[in-house]
Amino acid sequence: MYKASSRTRIIGNHLVYLKAVGSTNSWATELSKKAEIKDGTVFITDHQTAGRGQMGNRWNAEPHENLTFSVVLNEPVPLQEQFYLTVFVTLALYDFLATKVHHINIKWPNDILINQKKVAGILIENQVSGSRINVAVVGIGLNMNQLQFDLNTATSVRRETGIFQDLSAALDDLLNCLDERYLQLKSGKRDFLLNDWYTRLYLKDLPHQFSSGGQSFNGVITGVDMLGRLVVETAEGQRIFGFKEISY
């Protein structure tokens, strides 16, 4: 059974277990609109029946085999720095996975890869007032023990290692990683986090073929801009892409 973490300062001090729910993000979002939720509260389920990904995509996870949860953060960053939420969360997932597997990368904007296959996804939904994010709900789906997937581009920790993963122990370790990276963000270590993120960014500084608007082109990922958009250097000059505007 999942339980609140005794190792963390913020994330995971409070935990709500839901046996089954459509979406932990939807549940946490609706609840946070009705009442104040303690910073770092985790909502976790064994069975997410309508998991959501970016831009309306679905996140499908077999019941009782993976980690599917959401974290509520109160006033985490100014609105113009919202991409740093993605940075700290993806870094925390990388930190956790690095204790179990090799060949991990962060693929822009928010996918985690093992051997170039997706093992985790993130959905961050913000409640905004003026120039401030009042509440951020961070949804995380991490494939732990699932062995069969509809897509051959997906994988799990067990599939990569051959070792069954204890989900309760894994959650405790992951919450600790999230808490450490969140504390770095709260203490203003933006440059430190971004530099760490760049060292783990899939294909950064490597020539590669990309596709955008039905056209293929060669280029090199050099980083992200202030809004978290991908910056690619091409023979024709620098190009900047938002989410779903480029594939690779």
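The legends below describe close-up views of a predicted model. Local features require pLDDT of at least 70 and side-chain atom pairs pLDDT 80 or more, whereas totals for chains, interfaces and linings use all residues. Residues are numbered from 1 along each chain as its sequence is written, and side-chain values use heavy atoms, with hydrogens and water left out.

**View 1. The seven-stranded open sheet.** The strands (DSSP E runs of at least two residues, numbered from the N terminus) follow the order β1-β2-β3-β7-β6-β5-β4, with mixed pairing. Pairing requires at least two DSSP bridges between two strands. Strands β6 and β7 are antiparallel over 10 bridges, and Ile124 stands opposite Val138 in β7.

**View 2. Helix α1 and its two sides.** In α1 (residues 24-34; helices are DSSP H or I runs of at least four residues), the buried residues are Thr24, Asn25, Ala28, Thr29 and Ser32. Buried denotes under 20% relative accessible area and exposed over 50%, with partly exposed in between (1.4 Å probe, protein chains only). These residues lie on the same side of α1 because they cover an arc of only 125° around the axis, taken from the directions from the helix axis to the C-beta atoms. Lys33 and Lys34 are exposed on the other side.

**View 3. Surroundings of Trp197.** Trp197 touches Phe83, Val87, Thr90, Leu91, Ile106, Trp108, Pro109 and Val224, not counting residues up to four places away in sequence. Contact means heavy atoms within 4.5 Å.
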